[in-house]
Amino acid sequence: MFNRVARRAFSSTAASNYKVAVLGAAGGIGQPLSLLMKLNNKVTDLALYDLRGAPGVAADVSHVPTNSTVKGYGPEEEGLKQALSGADVVIIPAGVPRKPGMSRDDLFNTNASIVRDLASAAGDYCPKAALCIISNPVNSTVPIVAETLAKKGAYDPKKLFGVTTLDILRASRFISEVANTNPTQEKVSVVGGHSGVTIVPLISQTTHKGLPKDKLDALINRIQFGGDEVVKAKNGAGSATLSMAQAGARFAGSVLNGLAGEADVVENSYVENPVFAKEGVKFFSTPITLGPEGVKEYHAIGETSDLEDQLIATAKETLKKNIEKGVNFVEQTS
Ligand code: NAI
């Protein structure tokens, strides 16, 4: 009897005993994201890494009374190795954000090498971890991580995710403003990539497919370029951080739910995806089911309108170039 109870207690703890590492944890996204991960009861070990400031963020967050230990690491004393060793999930918001007038692609030169080096360390120290990439341009940084890991023989396509959840959150919010509905009840599938025209919200799959053309066009444009509203309002002080932290925490939470074997955990994410692979578009965001192995199932895009078909065609053309740019970067620099 004692053994059975003890065993049950052990197995339920084991199912929610995860180490999560946040790389870039002292940044605008990293700080609130670290706080939100501290509030996730599946996380028992939270490792916060940044070039500067992570021990302070860790000390602060560690006082929140949830069941996890929090440690902060800098680059000294093999901090990155310590942060990554044993991690089940690694979330990467390290890099520079946009300033007004910049596209996400303008960040490539700075962020590409940051992401490559962090991915390489993840390949060395936690090759089995699920990697959630937030650093922009996501359309290219995800292929950079894939190529970097592949060179080490540590690439598992089922465990590499570009975080596009903010587009999903924006779509729910913005559609509720147009339709005067409760945003918590609005679910919009957003497919493609994570920048401008590669962001394709599938409004025809919602209950609002009858929107007049002018309202529909404006809504799609706002979802595609919603990030610009924040960049402009912050006026040089960066891009979305708080809503992004919420989006990142939701996505990483779903990855953890999948690892724990929960049923029907579905999110959209930019992953190596069979959907348009034959046309040369290796990475594409569609709904996926998350499971213990990472991606458990790739879902079809579903029915789309003629307008959405055109948007997907445009997205594919841009994505091909973004992906190629990432792949070439790794080939040329390693
Ligand atoms: P931030 O500048 O406030 O923070 C970035 C942090 O990364 C800093 O603390 C910096 O010290 C750290 N960092 C830089 N190089 C590093 C390295 N090699 N190792 C570890 N840490 C390093 O920037 P913010 O606003 O947090 O944005 C971070 C990234 O997230 C940007 O690339 C931004 O474009 C992207 N982003 C992505 C979104 C998405 O939907 N996927 C939405 C919003 C932003």
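**Reading a predicted model, one feature at a time**

Q: Let's start with one residue. Where is the place of Asn 17?
A: Asn 17 sits in the loop between α1 (2–14) and β1 (18–23). Keep in mind that everything here comes from a predicted model.

Q: What separation do the C-alpha atoms of Asn 17 and Leu 46 have?
A: Those two are 29 residues apart along the chain, and their C-alpha atoms are separated by 11 Å.

Q: OK, let's zoom out. How many helices and strands does the protein have?
A: There are ten helices and eleven strands.

Q: What does the radius of gyration say about the 334 residues?
A: You compare the value with what a compact globule of that length would have. For 334 residues that would be near 20 Å, and the protein has 20 Å, so the two agree. Along the principal axes, its C-alpha atoms fill a box of roughly 60 × 55 × 40 Å.

Q: And what share of the residues is buried?
A: Buried residues make up 47% of the 334.

Q: Which residues have the most contacts inside the largest nonpolar core?
A: A core like this is a set of buried nonpolar residues joined through their contacts. The largest one here has 95 residues, and Val 89, Val 90 and Cys 132 have the most contacts inside it. Helix α9 (residues 242–259) gives this core its largest share, nine residues.

Q: What is Cys 132 in contact with?
A: Leaving out neighbours within four places in sequence, its contacts include Val 89, Val 90, Ile 91 and Ile 92, and also Phe 161, Val 163, Gly 248 and Phe 251.

Q: Now the annotations. Which residue does the UniProt "active site" annotation cover?
A: The unreviewed UniProt entry puts it at His 194. In the model, His 194 is in the loop between β7 (190–192) and β8 (199–201).

Q: Which residues does UniProt list for the "Lactate/malate dehydrogenase C-terminal" domain?
A: The unreviewed entry lists residues 164–330. That span is 48% helix and 17% strand, and its end C-alpha atoms lie 23 Å apart.

Q: How many residues surround the ligand?
A: 33 residues do, and the closest are Gly 24, Gly 27, Gly 28, Ile 29 and Asn 136. Sorted by class, this shell has 18 nonpolar, twelve polar and three charged residues. Helix α5 (residues 108–125) gives the most to it, with three residues.

Q: What kind of peptide bond joins Asn 136 and Pro 137?
A: First the general idea: most peptide bonds are trans. The bond between Asn 136 and Pro 137 is cis, with omega about -5°. Pro 137 is found in the loop between β5 (130–133) and α6 (138–151).

Q: What about backbone angles: what is phi of Glu 77?
A: Most residues other than glycine have a negative phi. Glu 77 has a positive one, near 50°. Glu 77 lies in the loop between β3 (69–73) and α4 (79–84), and with 9 C-beta neighbours inside 10 Å it counts as exposed.

Q: And what phi does Asn 180 have?
A: It's positive too, about 60°, although Asn 180 is not a glycine. You'll find Asn 180 in the loop between α7 and β7. Asn 180 is exposed, because the count gives 6 other C-beta atoms within 10 Å.

Conventions
Residues numbered from 1 in each chain as written. Predicted model: local features only at pLDDT ≥ 70, side-chain atom pairs only at ≥ 80, totals over all residues. UniProt positions renumbered as here; feature names shortened; annotations may be inferred. Helix = DSSP H or I, 4+ residues; strand = E, 2+ residues; numbered from the N terminus. Near = placed C-beta within 6 Å. Nonpolar A, V, L, I, M, F, W, Y, C, P; charged D, E, K, R; others polar. Core = buried A, V, L, I, M, F, W, Y, C linked by C-beta atoms within 7 Å. Buried ≥ 20, exposed ≤ 12 C-beta atoms within 10 Å, placed from the backbone. Contact = placed C-beta atoms within 7 Å. Rg over C-alpha atoms; globule rule 2.2 N^0.38 Å.
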